[in-house]
Amino acid sequence: MELELEKRVLDSQTEQSYLIMSQHINGAGRLFGGQLLAWIDELAGIVAMRHAGSNVITASIDNLQFKHGAHVNNIVVLIGKVTYVGNSSMEVRIDTYVEEKDGTRYPINRAYLVMVALDEHELPKRVPRLKLETPEQKAEWESAKKRDLLRRQRKTEGY
């Protein structure tokens, strides 16, 4: 019997930083939400590709909480990690922070995305299992199971 591949959360966890410039700003002088969403989707794709070892697609973005704004010359840091895996899908959590000049980080956004791994024929493929190593990772997994049930319920209801 073949052993199933398992990866740790840290194996695919990824951090990306951006400097907010004038082209990233909306009419109110804050970071444009669409720009942040593009960065979030890009990072979620990288995290999921690292976990799956293949191409991925975004299936859903079902939770996006804007907590605070960011402005020109702010450093924005996004940290992504896999929180849950199904058969071919992965839930990826992206936390976004503004980083002060002294290195202090303040949360400005949290998003959950569902990514699906694809094989060479662009069909869904099985992803490695997720090895949970900390109480926080186990708690996130349990919360992710609840979010998965809510997604399925919304799909049934036509959302």
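Two aromatic pairs turn up in this predicted model, where rings of Phe, Tyr and Trp (its six-membered ring) pair if their centres lie within 6.5 Å. Planes under 30 degrees apart count as stacked, over 60 as edge-to-face and the rest as tilted. Residues are numbered from 1 along each chain as its sequence is written. Because the model is predicted, local features need pLDDT of at least 70, side-chain atom pairs count only at pLDDT 80 or more, and totals for chains, interfaces and linings use all residues; side-chain values use heavy atoms, without hydrogens and water.

**Aromatic pairs**

- Tyr-18 and Trp-39 are stacked, because their ring centres are 4.0 Å apart and their planes are at 5°.
- This pair ties together parts 21 residues apart in sequence, since Tyr-18 lies in strand S2 (residues 14–19) and Trp-39 in helix H2 (residues 33–52); helices (H or I, at least four residues) and strands (E, at least two) are DSSP runs, numbered from the N terminus.
- Tyr-18 counts as buried at 17% relative accessibility, and Trp-39 is buried at 6% (buried means under 20% relative accessible area, exposed over 50%, partly exposed in between, with a 1.4 Å probe and protein chains only).
- Tyr-84 and Trp-141 have ring centres 4.5 Å apart and planes at 50°, so this pair is tilted.
- Tyr-84 sits in strand S4 (residues 75–85) and Trp-141 in helix H3 (residues 135–156), so the pair links parts 57 residues apart in sequence.
- Both Tyr-84 and Trp-141 are buried.

**A charge over a ring**

- Arg-147 lies over the face of Tyr-112, 3.8 Å from the ring centre (the rule asks for NZ of Lys or CZ of Arg within 6 Å of the ring centre and within 35 degrees of the ring normal).

**The largest pocket**

- The largest pocket holds about 390 Å³ of space (a pocket is an open set of points on a 1 Å grid over the protein atoms alone, where a 1.4 Å probe fits, with protein on both sides within 12 Å along at least five of seven lines; lining residues have an atom within 4 Å of a point).
- Its lining has 17 residues, with Ser-89, Val-114, Asp-148, Arg-151 and Arg-152 nearest the centre.
- H3 gives the largest share of that lining, 5 residues.

**The nonpolar core**

- The largest nonpolar core has 32 residues, of which Leu-78, Met-90, Val-92, Ile-94 and Met-115 touch the most other members (such a core is a set of buried Ala, Val, Leu, Ile, Met, Phe, Trp, Tyr and Cys residues joined through side-chain atoms within 4.5 Å).
- H2 supplies the largest share of this core, 8 residues.

Technical notes. Grid points are joined across faces, edges and corners, and a volume is the space filled by probe spheres set on the points.
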